[in-house]
Each structure stands twice: as C-alpha cells, then as structure tokens.
Amino acid sequence: MTQPEVSIIVPLLNEEESLRELHAWIKKVMLAQGLSYEVVFVDDGSTDDSWKVIQELRSQDEQGVRGIRFMRNYGKSAALNEGFKIVRGKVVITMDADLQDSPDEIPELRSMIMDEGYDLVSGWKKKRHDPISKTIPTKLYNWATRKMSGIYLHDFNCGLKAYRANVVKNIEVYGEMHRYIPVIAKRNGFGNIGEKVVEHRARQFGKSKFGLERFMNGFLDLLTITFISRFAKKPMHFFGSLGTLMFVFGFILFVFIGGEKLWALANDIEAKNITEISGFYIALIAMVIGTQLFLAGFLAELISRNAPNRNAYLIADRID
C-alpha cells in the first residue's frame, strides 16, 4: 500500500455530531492540495453512535478512513499512542474531533515539517474561545512547563500538532502525558520544535470532556515528566546525591556533638548527655534518611521503569 502524504489522528469521545462534518472538511482540504491522506479515528470508549458514524465514513471513503475503538475510556494519551502505532503517513497531524481545530491549518503545518525541517510543530491558540476559568489556569500551566522543560512554546496542550513520521514511531505516550509530547520528543532527541498560531473555533456540539481536575493532574504529570526526562536513565544521580548530602550532614552534626561531649569530659566540664541534645536526633534522622535515599537510588538502578503491559489496551474493533 502506498504511503500517504499525511496521516491525521483524531481521538474522540462521544462526538457523533461532528464527525461527518470534520471528515468532509479534511477531505476537501486534502483534495484541494492534491495530497494523499488517511484519517485514523480513535474512539476512546464512546457511549453514543460515534463508532457507527466512523463505520459509515469508512464505507464512503475506504482509502481515507481507518478506525480503532476501545472497549472503555482510557484517555487521550492512550488514543494517541495507539494511533501513532498504525499511521503510515510521511507527516502525522493530531487534532481534536470537536471542530474547534481547523483542518485548513493542515497544509501549512505539513509544509513546516517537510520544507522547514521541523521534527514537531505545535499549534498555538493565541485567541481562545474558552471561559476565564479555563484560560487562566492554562496560562499558569504553560508558564510552569516552559520553565521546567526549557521548551518555549505558548500552548503545550493544543491538540493540533504536526510530526515527522519517525517522531511518532519513537515516542511512547501513556497516562495523561499527551500534554507533554514536545517534552517527550525532545527527550528522545527530536529537538527541532516549532510553533504556529492556529485558529481556535468555538465548540459547535456537545461539551468539553475535561474538568478542573486536569490542572492538578497536569501539574503532577509535569513533575513526573521532568523527573523522568532528567533522571530516568540515572536515578542514582538524584536519589544518591540527596542521600549522600543528608548522610554527610547528619554525620558531621553527629561528629560535632560527639566531639563536644568528649572535649567536655576530657576537661572535666559538666555537659548534657548526648541523648538530651535535640541535634543528636536531627543527625540520626538525617543519616537514616540519607541511607534510605541512597538505597532507593541503588534499587531504582536495578529495576526497569518500563512495565511490559503499560500500554496494553483492550480494543473492541478495528477498521484497517
């Protein structure tokens, strides 16, 4: 089978109302540009008729539509990861199914990958059609991610992104790490990351599937991905360093307290019992915690962080 110019991955959950219009729009843009394409719809456990619509679209466009349906809702990261596995295009585009991302952006995103040499191009919804309860936390989240990752994008969580094919074949997205795909890509050696201002359209159907809890989850995921990016291959450097510093601090404090006691005894000076000095317990706790951290780092070096079934999902049906 010939390799399409563009693969478009569309993760979705209960979006039956928008799928026909989205597919028609993508097809119109691709035909106008003379580009071969495939649209991979990943149904993340929808409870409406989304899968029936995808089957209908497949019957109308056998060469251009593929699909995956999960048995239950696993989340956007799982949907993207499964899509990344099966796409065949030279350039891979990800976009949401709710029509807030415009397919008209696809040709320019593709050009930035093919002609300008980017590994990944992230959309920037400079003008958003979201309530203030969503925009302010998003700004804070993007600011924190820029500072911690060293990647200066305005909108890390924009669903509209473009990738060179070898990028999606060499990254793994799990949990809720889809927010940090640029960070994951950079960690894996794909550091030529660009940004493009894209149109953010108002939602036409349904409602957002994301609640306020995603901001707390996003912060925790940011800490996770930062730690993994820096210390996944060398956990001893993190735990061992902390453990050594704490042990040395505790040991020096203990030596100081013990030396002071011995000096007092040698000069017949009355002094408190060591166990009556609060510093003794601080030193003892520091040495114990330091030893534990050092052992944690040593064990982490021995244990693989990659669970064999971390990305094993139950797929109910597949169109291929």
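Student: What is the relative accessible area of Asp-268?

Tutor: Asp-268 has a relative accessible area of 74%, so this residue is exposed. Exposed means over 50% relative accessible area, buried means under 20%, and partly exposed lies in between (1.4 Å probe, protein chains only). This is a predicted model, in which local features need pLDDT of at least 70 and side-chain atom pairs count only at pLDDT 80 or more, while totals for chains, interfaces and linings use all residues. Residues are numbered from 1 along each chain as its sequence is written, and side-chain values use heavy atoms, with hydrogens and water left out.

Student: Where is the place of Asp-268?

Tutor: Asp-268 sits in the loop that joins α9 to α10 (278-302). Helices (H or I, at least four residues) and strands (E, at least two) are DSSP runs, numbered from the N terminus.

Student: And what is the phi of Asp-268?

Tutor: The phi of Asp-268 is positive, about 55 degrees, although the residue is not a glycine. Asn-14, which is also not a glycine, has a positive phi near 55 degrees. Asn-14 belongs to the loop between β1 and α1, and its relative accessibility of 29% makes this residue partly exposed.

Student: Let us step back. How many helices and strands are in the protein chain?

Tutor: The protein chain has 10 helices and eight strands. Among its 320 residues, 47% count as buried. Its accessible surface is about 16,500 Å², with 58% belonging to carbon and sulfur atoms; such areas come from the Shrake-Rupley method with a 1.4 Å probe, and for residues only the protein chains shown count as cover.

Student: What share of the contacts comes from residues 24 or more positions apart?

Tutor: Such residues account for 81% of the contacts in the protein chain that have a separation of 6 or more. A contact means heavy atoms within 4.5 Å.

Student: Which residues does Phe-247 touch?

Tutor: Phe-247 touches Ala-286, Met-287, Gly-290 and Thr-291, if residues up to four places away in sequence are not counted. Phe-247 is in helix α9, and Ala-286 is 39 residues away from Phe-247 in sequence but 5.8 Å away in space, C-alpha to C-alpha. Phe-247 is partly exposed, at a relative accessible area of 35%.

Student: Where is the place of Phe-238?

Tutor: Phe-238 is in helix α9, which covers residues 235-266. Its relative accessibility is 28%, which counts as partly exposed. Between Phe-238 and Gly-297 there are 7.3 Å in space, C-alpha to C-alpha, and the two are 59 residues apart in sequence.

Student: Now a helix pair. At what angle do α1 and α2 pack?

Tutor: Helix α1 (residues 16-33) packs with helix α2 (residues 50-60) at about 20 degrees, and their axes are 8 Å apart. Axes are lines fitted to C-alpha atoms, for helices over the stretch in contact, and angles run from 0 to 180 degrees between N-to-C directions.

Student: Why are α1 and α2 called roughly parallel?

Tutor: Angles under 35 degrees count as roughly parallel, over 145 as roughly antiparallel, 65 to 115 as roughly perpendicular and the rest as oblique. The two helices, α1 and α2, are therefore roughly parallel to each other.

Student: Which residues of α1 and α2 meet?

Tutor: From α1, Glu-16, Leu-19, Arg-20 and His-23 meet Ser-50, Val-53, Ile-54, Glu-56 and Leu-57 of α2.

Student: On to α4. Which of its residues are buried?

Tutor: In α4, the buried residues are Ile-106, Pro-107, Leu-109, Arg-110, Met-112 and Ile-113. Their cover includes β1 (6-12), α1, β4, β5, β6 (161-164) and β7 (193-197).

Student: Where is Asp-101 found?

Tutor: Asp-101 is found in the loop between β4 (91-94) and α4. At a relative accessible area of 0%, Asp-101 is buried. Its side chain reaches the backbone nitrogen of Asp-96 at 2.9 Å.

Student: What is the relative accessibility of Met-95?

Tutor: Met-95 has 0% relative accessibility and counts as buried. Met-95 is likewise in the loop between β4 and α4. Beyond its neighbours up to four places away in sequence, Met-95 touches several residues, including Ile-8, Leu-22, Asp-101 and Leu-160. Met-95 and Ile-8 are 87 residues apart in sequence and 7.3 Å apart in space, C-alpha to C-alpha.

Key: Polar contact = N/O pair within 3.5 Å; in protein donor to acceptor, adjacent residues only side chain to side chain.
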